[in-house]
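Hi,

Here is the structure I promised to pass on. Have a look at it first, and then read on for what turned up.

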Amino acid sequence: MRAVRVALIVAAGCAIVAVAHNRRVAAASQSPQPASPQPRAVLDKYCVTCHNTRLKTAGLAFDALDLTETSEHAEVLEKIVRKIRTGAMPPVGRPRPDKPLAERVASSLEADLDRAAVEHPNPGRPTLHRLNRVEYRNAIRDLLALEIDPASLLPADSAAYGFDNNADALSLSPVLTERYVGAAAKISQMALGHVRGSPSPETFLVPTDRNQGSRFSEELPWGSRGGLAIQYDFPADGEYLFQIRLNESGADGGIMGITAEPQQLDVALNRTRVWTTTVGGPEMAKERGDDRTKKILDALQFRVPVAAGSHLVQVYFVQRTSASLEDLFDPYLRRDPYRAGNGEPGISNVTISGPNASTAAATHDSPSRRRLFVCQPASPADEACARKIIAALARRAYRRPVIDADLRIPMARYNEASKKGGPLAFDSGLELALRSILVSPNFLFRFEGQPESAAPNTPYRITDPELASRLSFFLWSSIPDDSLLAAAAKNTLHNPAVLEQQVKRMLADPRSEALVSDFAGQWLHIRNVSAFRPSPELLFHFDDNLREAFARETSMFVESIIRENRSVLDLLDADYTFLNERLARHYGIPGVYGERFRRVSLPADSVRRGLLGQGSILTDASRANRTSPVIRGKWILENIFGTPPPAPPANVPELKDERNPARVLPMREQMAQHRANPVCASCHAQMDELGFALENFDAIGEWRDADSAGTRIDATAKLPDGTTFKGPTELRTVLLSHSDDFLTTLTEKLLTYALGRGLEAFDAPAIRQIKREASRSHYSFASIVQGIVTSTPFQMRMAQERAN
């Protein structure tokens, strides 16, 4: 393995010089033509007063800026366009061109920049791209039909530019190299169903603030309450031990909720019950202290044979039909997170362990083995079959056609183990060959070559296999499938018609859910929902059920935009959302019952239309114990206008937290004190006003007419340009009037995610071209994706100087 570790680290250093060439130019010829008056006259009149060679405000001197050298000054010119488009400059209080004039100047500069991009395409610098933890998990799933928990095998990845697939942040350390070696060993054993020793038990926790008084999830059966559902990958045929623990009392350590009333506890595999027991009852209620706890713990473990593969494990109590005390308390306002309304027991965690080597089957049929064995060996030493299996595996793992050199190490590992003989010689050899593939740099890194003929600093088109890899990691966060690899092997994937058809197919595939979990999960911070911990003193009715509902609503909402190919502008003002009873009750929307999420129509004046009406966004942009107009306004500036404010000056104090609700000042008054500092006022003038319009939503997104001190909420707002509005409904109207800013921001975010790098000024013409093409389809999600995958930065690379 030492050679493997060295190879990984050397590859990380050497492959940074590998790159790509030649790309499409025609599209940008549609760029708008410049209009009079000339930008120079406008800059001299409105901008040079501050941005000149003497003052150099913000480091810019427009009087020395040669506007005819567009390519040379692209970065500065793109900044000017962005400031004009968003109305950020000239600053409020200074003379400004009227909107039509500003629009013409911005369009003229953009036309010059777009023409320069056609004449001198710049797809950006090449980067060596390591698979991140999510991509690694998905690649193993699609390569081996095996579900793994990457968090137990690999450390978390760093993020840059908002995403954890950014190549610059995905470094390779000696420690990570060791983890890859260990992960490959474990995964290769799991894939072939080999069990050595006693596998480590895995414990699944039920959040302590989950309401276990009713059915929690659609993955749990009707008539159940509490518990959890786990999609668990059993590595081999064999006998597994299940251990269940119930919530315990903090006072004496005893089991909570044990009464003379019996409670039925069931465990099911793939929705078929495999075990049941009774918790509580007259006899158990008579027991006290440690004796009762020990008897319960002993009773809540069992063994059951399970076939290898992924199975749905359901652990739950059967809901009692008795109405004895269940309706005494409103479960949505309950303070005790452990209990249902009548103090029933709840599940704390479930542990699964096994199988031991002694109980595991020597060989078996499993999804992983079916995926691996493209042929069946005629004997334990069938090298021809082994080579066929290894070649097919390497082709999919390396995402390209393989050559003899690619098979040399895996075949050597196979022969090394298989020559030891025995009935499992073939499997043992295959396990070592698989392990060598999983630690190969060709699997762990996304290599892209540079043609010998490519001159340094010239763009060139990437190959079709490289394009297939870019496509699959963009849309699926995983490796290409056979259809994509076949099109690449025929060298037809770059054909616009073939590429368009492949994108449509991939977006319709369930694996495109990665765009929700990975792209939207990071852009909209859906991933952060699991960490929400609002102050229990002030927001005591927040629980895990609501936390899960927040994440589910936003995920299903974004997924509907993708699956139905809706306009991305619907993200701001869709006339529907997805709710279950818990979330509908939180939002004050009647007529929704049960735990099942369903599409719910929203009227035109609903405050819940679009992302800014959803609890996940509103809670993420709040403090633990109060709202924050600053954070909410900053969220809008970053994610809709695309103009994030600068970092605050050092030593700016936070708002003082007042524990007594009666003494809390209205948020507007608190922010007025905060803005008294002139250094803060310029940014907060816009940021705070945007946030004030959302003040009717409390820190967990619940509607309110008054704050905690009883003061009526004032949701009026006024932007620096004089625009006035009130509340979330009028705020939506304002945001829709800036829809072009939102389209730019969304396209930038999606392109950043697709490329795995931060954007530069030379990427702006591509973004404008993507928007122009998408406008023909009213900015449908698929049209933006199609624009990205046909763009210069996605299909090309810039040649680098070769190392001697």
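Let me start with Y414, which is buried, with a relative accessible area of 1%. Keep in mind throughout that this is a predicted model. F426 counts as buried too, at 3% relative accessibility. How are the rings of Y414 and F426 arranged? Their centres are 5.7 Å apart and the planes stand at 70°, so this is an edge-to-face pair. Y414 belongs to helix 12 (residues 404–418) and F426 to helix 13, so the pair ties together parts that are 12 residues apart in sequence.

F426 has another aromatic partner, F373, and that pair is tilted, with 6.1 Å centre to centre and 40° between the planes. Because F373 sits in the loop between helix 10 (367–372) and helix 11 (383–398) while F426 is in helix 13 (residues 425–438), this pair links parts 53 residues apart in sequence. Both F373 and F426 are buried. Across the model, the count of aromatic pairs comes to 21. There is also an aromatic cluster made up of F204, Y232, F234, Y240, F242, W275 and F302.

The protein chain has an average pLDDT of 85, and 84% of the residues score at least 70. Two stretches need a careful eye. Over residues 8–36 the pLDDT stays under 50, and the model has 91 contacts beyond four places in sequence for that stretch. Residues 322–341 also stay under 50, with 34 such contacts beyond four places in sequence.

Four strands make an open antiparallel sheet in the order 2-9-4-7. Its edges are strand 2 (202–205) and strand 7 (301–306), each of which pairs on one side only. From one strand to the next, the twist averages 25°. Inside this sheet, strand 4 (residues 238–246) runs antiparallel to strand 7 and is joined to it by six bridges. If you want a spot to look at, E239 stands opposite P305 in strand 7.

Another open sheet, again of four antiparallel strands, has the order 3-8-5-6. Here the edge strands are strand 3 (224–234) and strand 6 (272–279), each with pairing on one side only. The twist in this sheet averages 15° from one strand to the next. Five bridges connect strand 5 (residues 263–269) with strand 8 (residues 309–318), the two running antiparallel. V267 faces V315 in strand 8, standing opposite it.

**The cores**

Which residues have the most contacts inside the largest nonpolar core? They are L471, F474, L475, L571 and I636, in a core of 94 residues. Helix 19 (residues 544–563) gives the largest share of this core, with nine residues. Leaving out neighbours within four places in sequence, I636 touches L612, F641, L690, L694, L731 and L735. A second, separate core has 47 residues, including L131, A139, L176 and the Y414 we began with.

**Buried spots in loops, and a buried helix**

S477 is in the loop between helix 15 (464–475) and helix 16 (482–489). Is S477 buried or exposed? It is buried, with a relative accessible area of 2%. Setting aside neighbours within four places in sequence, the contacts of S477 are V134, E135, N138, S472, A514, D518 and Y753.

A715 is another loop residue, placed between helix 25 (678–692) and strand 14 (716–718). A715 counts as buried as well, at 2% relative accessibility. In sequence A715 and E689 are 26 residues apart, while in space they are 8.9 Å apart, C-alpha to C-alpha.

Last stop, helix 29. Why is helix 29 (residues 781–789) described as largely enclosed by the rest of the structure? Because nine of its nine residues are buried. These are F781, A782, S783, I784, V785, Q786, G787, I788 and V789.

That is what I have for now.

Cheers

Conventions: Residues numbered from 1 in each chain as written. Predicted model: local features only at pLDDT ≥ 70, side-chain atom pairs only at ≥ 80, totals over all residues. Heavy atoms only, no water. pLDDT = per-residue confidence, 0-100. Contact = heavy atoms within 4.5 Å. Pairing = 2+ DSSP bridges. Axes fitted to C-alpha atoms, helices over the stretch in contact; angles between N-to-C directions. Core = buried A, V, L, I, M, F, W, Y, C linked by side-chain atoms within 4.5 Å. Buried < 20%, exposed > 50% of the residue type's maximum accessible area, 1.4 Å probe, protein only. Phe/Tyr/Trp six-rings, centres within 6.5 Å; stacked < 30°, edge-to-face > 60°.
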